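Q: I am new to this structure. Can you walk me through how to read it?

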Amino acid sequence: MQSAIRKVVIIGGGTAGWLTAGLLAARHRADSNRALEIVLIESPDIPTIGVGEGTWPSMRMTLQKIGISEADLVRNCDASFKQGTEFVDWSSTGGDSRYYHPFSFPAEYSSLKLANYWLEAADRFSFADFVTPQASVIEAGLAPKQVSTPEYAFNVNYGYHFDAGRFAELLHKHVVDKLGVTYVSANVGSVESHDSGDIDAVVLTSGERVQGDLFVDCTGQRSLLIGQHYGIDVVSMKKFLFNDAAIAVQVPYSKPDDPIASATRATAVECGWIWDIGLQTRRGIGHVYSTAHADEAQAMASIRDYVTRTSPGVQLDDLTFRSIPFEPGYRREFWVNNCVAVGLSGGFIEPLEASALALIEQAASIISEQFPANRELMSVVARRFNARMLYHWERVIEFLKLHYVLSERDDSDYWRDCRSLETCPSELRDKLMLWQQQPPWHDDAPRVDELFPSASYQYVLYGMQFRPEYVYIQGDSDAEERARVDRLLHTNSDKTRQMLSLLPTNRELVSAMTALRGVA
Ligand SMILES: Cc1cc2nc3c(=O)[nH]c(=O)nc-3n(C[C@H](O)[C@H](O)[C@H](O)COP(=O)(O)OP(=O)(O)OC[C@H]3O[C@@H](n4cnc5c(N)ncnc54)[C@H](O)[C@@H]3O)c2cc1C
């Protein structure tokens with residue numbers, strides 16, 4: 001008889017720890033057969049990373065599963081609505097090169113290759129404008145839905161921008177008060193193991209032992225269990241993606257009712273790029289750069305220049321700029337013995353498409369949905385978890401590299417190195433060759449749990465001005481399909497007009513939701 005898994009110990013109270021606790025508790029607390037006990041230990045001395053403000057639409061489902069209302073998120077976390085990313089200056093310098101990677105799929109994407117038809121009209125429309133109303137909605141600074149639209153429902157797909165610290169606090173309160181997770185504020189000092197190599201207990205610096213059956217390492221960059229205890233190293237991804245440091249700053253709006261951008265803006269600069277995220281009361285701005293190509297003083301000058309250009313009236317000396325080094329890569333294994341790493345402890349790569357929280361959601365969902373009933377099953381779940389997370393990491397690396405390798409920027413060694421095909425993963429090189437004759441399609445991202453569907457590849461590829469050499473544009477179309485496309489384009493432009501007239505601004509929607517404070 002294998003020993004049952006009855007107690008989970010999560011170390012770390014950042015977003016990774018609380019999301020994992022929330023998803024696990026929400027799924028298992030009602031299961032009287034299992035009676036799963038969940039304990040979360042968080043150091044009172046080690047702060048969370050404090051960044052991670054851009055999320056994906058998947059966060060809506062995660063919050064629903066955990067049982068948090070959207071109104072609570074908006075009221076408590078300085079949150080606003082995010083509909084995708086706007087990329088500025090990525091293909092060339094000077095401000096003219098801009099495109100959107102919106103969250104909505106191109107219309108009728110499952111069965112219609114609109115990209116083929118867009119290629120005929122590429123000199124007149126941006127790809128995103130051709131296939132979805134969402135680019136226009138973002139451009140106009142509008143919300144993804146009306147004030148009366150039910151929670152989590154939408155006119156166009158969306159995720160959130162929020163304050164990472166306040167988000168962790170909201171999760172903490174909900175998960176402890178409503179889902180019965182036990183919280184321990186203490187430092188883990190050491191680990192005690194069984195002869196099998198499984199962890200028996202973590203020992204707090206007070207001397208108290210906390211035993212468990214499964215240990216989740218959410219200790220961030222310290223990687224206390226998977227890195228320090230098990231010695232699993234980081235597979236560096238610097239050969240593909242050079243960025244290994246960030247400088248982050250919070251910038252207040254000049255007026256409380258300044259517009260809130262509906263997408264993250266990612267502006268490419270000489271030795272990296274700068275994120276710009278609009279919350280209710282401030283913007284979160286950060287410069288991600290490569291220390292092999294620029295020192296901290298150069299990076300600081302670059303972000304200070306960006307803040308000055310984009311934030312009239314702001315006094316730079318009033319702002320606090322914070323440096324955050326990171327090692328781009330992921331752990332060789334994520335689940336070892338009875339210990340699984342979720343969040344930064346398992347790896348991190350630059351936040352160009354804000355994929356870290358989405359990876360946390362994936363990891364925590366797998367753990368909770370495939371939760372092993374006993375120790376023997378845990379080894380099976382662990383092998384599958386490792387294979388699945390590795391697949392996701394490899395796709396994230398490829399997708400991020402796509403943004404660089406297609407650039408025509410030639411203004412620094414950084415960009416020349418980023419563009420070099422030598423620094424491109426071989427699978428991506430193959431795909432780029434294929435896309436010379438056919439747009440990215442379902443075969444290029446075939447799995448149901450794919451983080452980046454082929455539509456995302458289309459948005460970036462065509463936004464970056466990639467044009468196929470050999471595409472046989474209308475080869476497989478017939479008159480009926482062409483008529484369907486024409487109808488669709490009309491519908492899209494009607495929908496665009498309607499949305500532009502009906503939707504409130506991002507600011508108006510969050511103001512309406514926060515004004516209802518206390519009414520619900
Ligand atoms: C510059 C930058 C920008 C980012 N932007 C985005 C973004 O836009 N979108 C996105 O999805 N992600 C982003 N991320 C990633 C995101 O911030 C993280 O994935 C997310 O916050 C999860 O962090 P974490 O919980 O793993 O670690 P942390 O927040 O670092 O939490 C670690 C926890 O472990 C605890 N701890 C550590 N050691 C001990 C110990 N010995 N005993 C007890 N407790 C301990 C700490 O107290 C803390 O509670 C960004 C990351 C960086 C670096």
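A: Let us start with a single residue. This is a predicted model. Thr132 has a relative accessibility of 3%, so Thr132 counts as buried. The cut-off for buried is under 20% relative accessible area.

Q: Where does Thr132 sit in the chain?
A: Look for the elements on either side. Thr132 is in the loop between α5 (127–131) and α6 (134–139).

Q: Which residues does Thr132 touch, leaving out those up to four places away in sequence?
A: Contacts show what packs around a residue. Thr132 touches Pro102, Ser104, Phe105, Tyr459 and Asn492. Take Pro102 from that list. Thr132 and Pro102 are 30 residues apart along the chain, and their C-alpha atoms are separated by 8.6 Å.

Q: Is Arg309 buried or exposed?
A: Read the relative area again. Arg309 has 54%, so Arg309 is exposed; the cut-off for exposed is over 50%. Arg309 belongs to helix α9, residues 296–310. Now try a distance. Arg309 and Ala79 are 230 residues apart in sequence, and 24 Å lie between their C-alpha atoms.

Q: How does Glu296 count by its relative accessibility?
A: Values between the two cut-offs have their own class. Glu296 has 41%, so Glu296 counts as partly exposed. Glu296 is also in helix α9. Beyond residues up to four places away in sequence, Glu296 touches Ile247, Tyr289 and Ser323. Asp430 is 134 residues from Glu296 in sequence and 36 Å away in space, C-alpha to C-alpha.

Q: How many aromatic pairs does the structure hold?
A: The structure holds 29 aromatic pairs. To read one, check the ring centres and the angle between the planes. The rings of Phe162 and Phe167 have centres 4.1 Å apart and planes at 20 degrees, so this pair is stacked. The cut-off for stacked is under 30 degrees. Phe162 and Phe167 are both buried.

Q: What is the angle between the planes of Trp435 and Tyr457?
A: The angle is 55 degrees, and the centres are 5.5 Å apart; this pair is tilted. Trp435 lies in the loop between α13 (426–434) and α14 (454–463), while Tyr457 is in helix α14, so the pair ties together parts 22 residues apart in sequence. Trp435 and Tyr457 are both buried.

Q: Which residues do ring pairs link into a cluster?
A: Follow the rings from pair to pair. Phe87, Trp90, Tyr99, Trp273, Trp275, Tyr404, Tyr414 and Trp415 are linked into a cluster this way.

Q: Why does the radius of gyration of the protein chain agree with a compact globule?
A: Compare the value with the one for a globule of that length. For 520 residues, a compact globule would have a radius of gyration near 24 Å; the protein chain has 23 Å, so the two agree. The C-alpha trace spans about 70 × 50 × 50 Å along its principal axes.

Q: How many helices and strands make up the secondary structure?
A: The protein chain has 16 helices and 21 strands. For the fold, sort contacts by sequence separation. Among contacts between residues at least 6 apart in sequence, 76% join residues at least 24 apart.

Q: What does the surface of the protein chain come to?
A: The accessible surface is about 21,800 Å², and 49% of that belongs to carbon and sulfur atoms. Of the 520 residues, 59% count as buried. The protein chain has 49 positive and 67 negative side chains, and the centres of the two sets lie 4 Å apart.

Conventions: Residues are numbered from 1 along each chain as its sequence is written. This is a predicted model: local features need pLDDT of at least 70, side-chain atom pairs count only at pLDDT 80 or more; totals for chains, interfaces and linings use all residues. Side-chain values use heavy atoms; hydrogens and water are left out. Helices (H or I, at least four residues) and strands (E, at least two) are DSSP runs, numbered from the N terminus. The radius of gyration is taken over C-alpha atoms; the globule rule is 2.2 Å times the number of residues to the power 0.38. Buried means under 20% relative accessible area, exposed over 50%, partly exposed in between (1.4 Å probe, protein chains only). Contact means heavy atoms within 4.5 Å. Accessible areas come from the Shrake-Rupley method with a 1.4 Å probe; for residues, only the protein chains shown count as cover. Lys and Arg count as positive and Asp and Glu as negative; His and the chain ends are not counted. The place of a charge is taken as NZ of Lys, CZ of Arg, CG of Asp or CD of Glu. Rings of Phe, Tyr and Trp (its six-membered ring) pair if their centres lie within 6.5 Å; planes under 30 degrees apart count as stacked, over 60 as edge-to-face and the rest as tilted.
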